[in-house]
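Let's walk through this one together with a few quick questions. Have a look at the model first, then read on.

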Amino acid sequence: MLHIFCPHCGELRSEEEFHAAGQAHIPRPLEPNACSDEEWGDYMFFRDNPRGLHHELWIHAAGCRQYFNATRDTVTYEILETYPIGAKPQVTGKGASPQLAVSGQGEKV
Amino acid sequence: MSAINVYQQRPGNDAHAESPLHHADLPSLVGKGRKNAGVTLREKAFLGHLTLRGDGRDPAFAGAVFKALGLELPVALTVVANDEMSLQWLGPDEWLLIVPGGQELSVEQKLREALGDLHIQIVNVSGGQTLLQLTGPNVREVLMKSTSYDVHPNNFPVGKAVGTVFAKSQLVIRRTGEDTWELLIRRSFSDYWWLWLQDASAEFGLSIEA
């Protein structure tokens with residue numbers, strides 16, 4: 001079974017306690033009234049669907065009921081890191097070696 | 001003190017009250033189980049449950065809670081208790097305080113006075129949930145059948161409390177003693193848990209305490 005590290009509980013928990021909640025790091029436009037229809041539509045409905053690294057929003061639904069972010073490889077389902085809302089991801093796929101991060105808190109068990 | 005309307009939500013002792021497991025009529029089952037049963041179940045009914053929210057990293061918040069209750073704010077996945085009440089970590093900004101039935105109002109007032117103008121929330125959720133206490137040498141086996149969480153003593157020492165999946169739903173498991181565990185369950189699920197626990201503990205023998 002897949003184990004996911006919850007940054008709030010501070011330990012690895014089984015996947016069935018969690019729910020995925022879509023793509024992470026989508027800021028709401030500060031002035032919605034100033035948006036064009038296209039900008040608002042992009043914010044509202046359009047999401048990335050990458051092959052490889054993806055930053056996602058997850059919720060620890062059965063545990064502490066808090067949202068957090070995870071960096072996941074959509075090909076292998078490997079979760080490379082989890083980090084609280086507001087923090088920046090360590091693994092971005094640009095320059096940083098994923099190998100290095102695997103030894104961190106998001107490691108597979 | 002804020003302008004929140006704090007009032008007595010508990011009806012007097014004359015009022016008819018039914019606990020979440022009232023329909024199971026537990027008192028009539030006392031002493032009917034197998035002798036030397038491996039699991040003993042007791043519903044800790046009609047306790048006062050208060051959820052407390054605030055900024056746990058703020059020393060003023062933790063200090064005020066300690067001043068009002070005499071309990072240190074517990075860190076992640078723990079529950080602290082004294083003779084009367086228990087305070088449990090539910091999330092980074094959420095705690096559950098369980099007090100003897102009837103003391104909800106006075107404790108809430110004391111907390112609100114100590115916390116003053118801090119950004120906090122206290123809600124009385126006594127009617128929505130209840131505690132089941134399981135004791136006995138085989139309780140751990142029953143839990144192992146029911147949840148994917150590791151309940152081995154190495155991972156689950158006394159004083160730990162976790163919210164997790166259990167059977168086909170969710171609840172909070174608290175370990176309050178070597179062989180004593182508590183399940184914090186929602187009222188609407190109480191019948192499901194009652195049926196599940198009877199089935200899961202049948203092989204070890206289940207006895208009921210009033």
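Q: In what order do the four strands of the open sheet in chain A run?
A: This is a predicted model, and in it four strands of chain A make up an open sheet with antiparallel pairing. Going across the sheet, the order is S3-S4-S5-S6.

Q: Which strands sit at the edges of this sheet?
A: Look for strands that pair on one side only. In chain A, that picks out S3 (19–23) and S6 (79–84).

Q: Which residue is the bridge partner of A:Leu53 in S5(A)?
A: Strand S4 (residues 53–59) and strand S5 (residues 67–73) of chain A pair in the antiparallel sense, over seven bridges. For A:Leu53, the partner in S5(A) is A:Asp73.

Q: Is B:Phe46 buried, partly exposed or exposed?
A: B:Phe46 lies in the loop between strands S1 (39–44) and S2 (48–53) of chain B. Setting aside residues up to four places away in sequence, B:Phe46 touches B:Ala17, B:Ser19 and B:Gly101. Being buried takes 20 or more other C-beta atoms within 10 Å, and being exposed takes 12 or fewer. B:Phe46 has 15, so it counts as partly exposed.

Terms used. Residues numbered from 1 in each chain as written. Chains lettered and ligands numbered in written order. Predicted model: local features only at pLDDT ≥ 70, side-chain atom pairs only at ≥ 80, totals over all residues. Pairing = 2+ DSSP bridges. Helix = DSSP H or I, 4+ residues; strand = E, 2+ residues; numbered from the N terminus. Contact = placed C-beta atoms within 7 Å.
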